[in-house]
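Thanks for making the time.

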Amino acid sequence: MAVRAVRGATQIDADDRDQILEATTELVTEVMARNALGTDDVISVIFTVTPDLTAEFPALAARKLGFHDVPLLCATEIGVPHALPRVIRLMAHVETARPRADVQHVYLRGATALRLDIAQ
């Protein structure tokens, strides 16, 4: 097993608690499914949001998905003037047998614009 970092991002329409939780749930679920991961494989997850999202912590969605004993951290991205707005990002540190080249990074909704080279 190796330790790998898995990236992901999604964009929402408004600073709304339900949208933050729904989009984060979708993002975490896709990261886990596309990389054949279970919660026991996850070492930690760092969530970031753009400065325009303050209605809820994205980590709450992960807790609701069963990430009870996984260390989770939320932070704010730097406020770059030309940055894509209303974006939730994650970086999960996981144990996996997958080679780095086979790790599936997940970019959903409007966040596909962040990584057109790997967006699904």
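**The cavity and the sheet around it**

Let me begin with the elements around the largest cavity: helix 1 (17–34), strand 2 (42–49) and strand 4 (87–96) each supply at least two residues of its lining, where helices (H or I, at least four residues) and strands (E, at least two) are DSSP runs, numbered from the N terminus. Please keep in mind that this is a predicted model, in which local features need pLDDT of at least 70 and side-chain atom pairs count only at pLDDT 80 or more, while totals for chains, interfaces and linings use all residues. Residues are numbered from 1 along each chain as its sequence is written, and side-chain values use heavy atoms, with hydrogens and water left out.

By a cavity I mean, on a 1 Å grid over the protein atoms alone, a set of points where a 1.4 Å probe fits but cannot get out, and its lining residues have an atom within 4 Å of a point. The structure holds one cavity of 30 Å³ or more, and the largest cavity has a volume of about 50 Å³, a volume being the space filled by probe spheres set on the points, which are joined across faces, edges and corners. Which classes of residue make up the lining of the largest cavity? There are twelve nonpolar residues, no polar and no charged ones, where Ala, Val, Leu, Ile, Met, Phe, Trp, Tyr, Cys and Pro count as nonpolar, Asp, Glu, Lys and Arg as charged, and the others, Gly among them, as polar. Among the lining residues are Val28, Met32, Phe47, Phe67 and Leu90.

Strand 2 and strand 4 pair in the antiparallel sense over seven bridges, and two strands are said to pair if DSSP finds at least two bridges between them. Strand 4 also pairs with strand 1 (residues 2–11), again in the antiparallel sense, over ten bridges, with Gln11 opposite Val87. Seven of the ten residues of strand 4 are buried, meaning under 20% relative accessible area, with exposed over 50% and partly exposed in between (1.4 Å probe, protein chains only).

Taken as a whole, the open sheet has five strands in the order 3-2-4-1-5, with mixed pairing. Strand 3 (72–76) and strand 5 stand at the edges with a single partner strand each, so one side of each has no neighbour in the sheet. The pairing of strand 1 with strand 5 is parallel, over two bridges, and Gly8 stands opposite Val106 there.

Helix 1 lies across strand 1, strand 2, strand 4 and strand 5, at about 30 degrees to strand 4; axes are lines fitted to C-alpha atoms, for helices over the stretch in contact (heavy atoms within 4.5 Å), and angles run from 0 to 180 degrees between N-to-C directions.

Thr10, in strand 1, is buried because its relative accessible area is 0%, and its contacts beyond four places in sequence include Ala23, Leu27 and Val87. Leu21, in helix 1, counts as buried at 10% relative accessibility, and Phe57 and Leu60 are among its contacts beyond four places in sequence. Leu114, in the segment after strand 5 (106–107), counts as partly exposed because its relative accessibility is 31%, and its contacts beyond four places include Leu84, Val87 and Tyr107.

Conventions
On a 1 Å grid over the protein atoms alone, a cavity is a set of points where a 1.4 Å probe fits but cannot get out, and a pocket is an open set with protein on both sides within 12 Å along at least five of seven lines; lining residues have an atom within 4 Å of a point.
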